[in-house]
Amino acid sequence: MNKISIAIDGPAGVGKSTIAKMLAEELKYVYVDTGALYRAIAVFLSDCGISPDDLQEKRIADLIRDIRVEIRYEDGTQHVLVNGTDVTGRLRTQEISRMASVTSAIPCVREKLLDLQRELAEKYDVIMDGRDIGTVVLPQATLKLFLTASAYVRAKRRYDQLKESGILGDETLSSIQKEIEERDYQDSHREIAPLKPADDAVIVDSSDLSMEEEIRMILSHLKEKIR
């Protein structure tokens with residue numbers, strides 16, 4: 001029996017993970033945070049002394065040749081393990097975000113994770129979010145979504161989130177917006193699997209939408225696809 005898959009793509013800070021988690025809970029699907037997988041490799045490479053400014057593909061290929069990246073679900077929460085060590089708590093730091101942005105464009109890194117992502121979609125009804133899910137990872141997904149919002153809106157959401165969590169540090173709204181714009185440029189101009197909507201993706205601009213409004217819109221599109 002064919003499994004249902006929802007592919008959610010979009011730029012950094014647009015709320016892909018939050019929307020995907022809410023949809024997964026609503027539909028009782030498995031949520032796959034593919035960005036976390038790339039961040040996990042970024043953690044590993046960072047621990048190996050690799051710098052975002054000194055990326056040699058041959059060395060990286062050698063380092064990750066035997067790496068084991070696993071996903072486990074505990075109480076409905078995704079945990080990511082690298083060589084048996086749970087690195088989930090380190091995935092969202094600014095350092096790892098910057099590292100993941102550049103290492104995720106390296107072919108050997110993408111190839112390493114592609115099979116894992118597709119295997120999950122074959123086993124479960126999934127909601128998968130990332131940068132190239134609808135275009136590369138799951139080109140036959142049941143429903144493809146491309147979430148977007150202005151850089152300012154995304155920066156403001158990130159700023160408020162950091163402030164509320166008490167980890168804002170020296171960052172300002174303008175510095176966060178600048179970093180988001182730089183990330184957008186890198187992601188959309190990389191040679192391998194650049195960030196872009198799939199030809200048949202539904203574009204959802206969340207700049208003026210609440211999370212609840214986004215969810216209702218997406219569920220409506222899903223019902224049309226599977227009826």
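Begin by selecting S1 and strand S7 (residues 143-148), which pair in the parallel sense over four bridges; two strands are taken to pair if DSSP finds at least two bridges between them, and helices (H or I, at least four residues) and strands (E, at least two) are DSSP runs numbered from the N terminus. Within this pairing, alanine 7 stands opposite lysine 144 in S7. The model is a predicted one, in which local features need pLDDT of at least 70 and side-chain atom pairs count only at pLDDT 80 or more, while totals for chains, interfaces and linings use all residues. Residues are numbered from 1 along each chain as its sequence is written, and side-chain values use heavy atoms, with hydrogens and water left out.

**The parallel sheet**

Stay with strand S1 (residues 5-9) and colour it by accessibility: five of its five residues are buried, where buried means under 20% relative accessible area, exposed means over 50%, and partly exposed lies in between (1.4 Å probe, protein chains only). Ser5, Ala7 and Asp9 lie on one side of S1 and Ile6 and Ile8 on the other, and both faces are covered.

Now widen the selection to the whole open sheet, whose five strands follow the order S2-S6-S1-S7-S8 with parallel pairing. Its edges are strand S2 (30-33) and strand S8 (202-205), each of which pairs on one side only. On average, neighbouring strands of this sheet are turned by 20 degrees against each other, direction ignored. Helix H1 (residues 16-27) packs on the sheet and touches S1, S2, S6 and S7, and its direction makes about 180 degrees with that of S6; contact means heavy atoms within 4.5 Å, and axes are lines fitted to C-alpha atoms, for helices over the stretch in contact, with angles running from 0 to 180 degrees between N-to-C directions.

**The antiparallel sheet**

Select S3, S4 and S5 next: these three strands form an open sheet in the order S3-S4-S5, and the pairing is antiparallel. Strand S3 (69-74) and strand S5 (85-86) are the edge strands, each pairing on one side only. Strand S4 (residues 77-82) runs antiparallel to S5 and is joined to it by two bridges, and leucine 81 has aspartate 86 in S5 as its bridge partner. Then show helix H2 (residues 34-47), which lies across S3 and S4 and runs at about 30 degrees to S4.

**Glutamine 117**

Move to helix H5 (residues 107-123) and pick out glutamine 117, which counts as buried because its relative accessibility is 1%. Leaving aside neighbours within four places in sequence, glutamine 117 is in contact with Thr34, Leu37, Tyr38, Met128, Ile133 and Val137.

**Salt bridges**

Display the charged side chains: the whole structure contains 14 salt bridges, each being a side-chain nitrogen of Lys or Arg within 4 Å of a carboxyl oxygen of Asp or Glu. Among them is the one between aspartate 184 and arginine 154, at 2.7 Å from N to O. Because aspartate 184 lies in helix H8 (residues 173-189) and arginine 154 in helix H7 (residues 151-165), this pair ties together parts that are 30 residues apart in sequence. Aspartate 184 is buried, with a relative accessible area of 16%, and arginine 154 is also buried, at 4% relative accessibility.

Continue to aspartate 187, whose salt bridge with arginine 190 has its closest N and O atoms 3.8 Å apart. Salt bridges that share partners join Arg131, Arg183, Asp187 and Arg190 into one network. Aspartate 187 counts as buried at 1% relative accessibility, as does arginine 190, with a relative accessible area of 9%. Another salt bridge to select is that of arginine 65 with aspartate 62, at 2.9 Å from N to O; aspartate 62 counts as partly exposed, at 38% relative accessibility.

**The cysteines**

Finish with the cysteines, where a search of the whole structure finds zero disulfides, a disulfide being a pair of cysteine sulfur atoms within 2.5 Å. For cysteine 48, the nearest cysteine sulfur is that of cysteine 108, 13 Å away. Cysteine 108 is likewise in no disulfide. Cysteine 48 is partly exposed, with a relative accessible area of 28%, whereas cysteine 108 counts as buried at 14% relative accessibility.
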